[in-house]
Amino acid sequence: MRAAIVIPAAGLGKRFRSPGKRKPFVQLNGRPMLIWTLKAFEAVPQVAEIVIAAHPKDIQAAWKQVKKYRCRKVSAIVPGGKTRADSVYCGLRAVSKSADVVAVHDAARPLVAPGLIQRVLKMAHRRGAALAA
């Protein structure tokens, strides 16, 4: 199975109250939240590509973090939309056609475990859709 992941990271984080930084770039134990999320997906062998949908003003900053932390599976960082749904759509448009499964996971949910990711991808591949809840 070849999985593609779309990471919406374009939100303003209004409820999060992080002055001067959008939520994906807030530090969590020494790393930006976005990097914790990416590293969880990078640890899963079935994940072949990751597309980030970032706020248009954050695209360069996102690439800088991806390079700094050596996130090798990020294939694209695209401008996100006004809503989460718009950002997911923008990310889906950048996913390669060779993906068997596509998953969506918010950048601001950094504590997802690689084992859970693998189980959800496996079930989605087998059944056509899956959700971790």
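## A buried helix

In helix α1, the residues Met 33, Leu 34, Ile 35, Thr 37, Leu 38, Ala 40, Phe 41 and Glu 42 are buried (buried means under 20% relative accessible area, exposed over 50%, partly exposed in between, with a 1.4 Å probe and protein chains only). Helices are DSSP runs of H or I with at least four residues, strands are runs of E with at least two, and both are numbered from the N terminus. This is a predicted model: local features need pLDDT of at least 70, side-chain atom pairs count only at pLDDT 80 or more, and totals for chains, interfaces and linings use all residues. Residues are numbered from 1 along each chain as its sequence is written, and side-chain values use heavy atoms, leaving out hydrogens and water.

What do the buried residues of α1 pack against? They pack against β1 (3-9), β3 (31-32), β4 (47-54), α2 (59-68), β5 (74-79) and α4 (114-127). Contact here means heavy atoms within 4.5 Å.

## The open sheet

An open sheet is formed by 4 strands. Their order is β5-β4-β1-β6, and the pairing is parallel. The edge strands are β5 and β6 (101-104), and each pairs on one side only. On average, neighbouring strands of this sheet are turned by 20° against each other, direction ignored. Two strands pair if DSSP finds at least two bridges between them.

## Strand β4 and its partners

Of the 8 residues of β4, 7 are buried, so this strand is largely enclosed by the rest of the structure. β1 and β4 pair in the parallel sense over 7 bridges. Ile 5 has Ile 50 in β4 as its bridge partner.

β4 and β5 also pair in the parallel sense, over 5 bridges. Ile 50 stands opposite Val 74 in β5. Ile 52 has Ile 77 as its bridge partner in β5. For Ala 53, the bridge partner in β5 is Val 78. α2 packs on the sheet and touches β4 and β5. The direction of α2 makes about 165° with that of β5. Axes are lines fitted to C-alpha atoms, for helices over the stretch in contact, and angles run from 0 to 180 degrees between N-to-C directions.

## A charge over a ring

The charged end of Arg 31 sits over the ring of Trp 36, 4.7 Å from its centre. The cut-offs are NZ of Lys or CZ of Arg within 6 Å of the ring centre and within 35 degrees of the ring normal.
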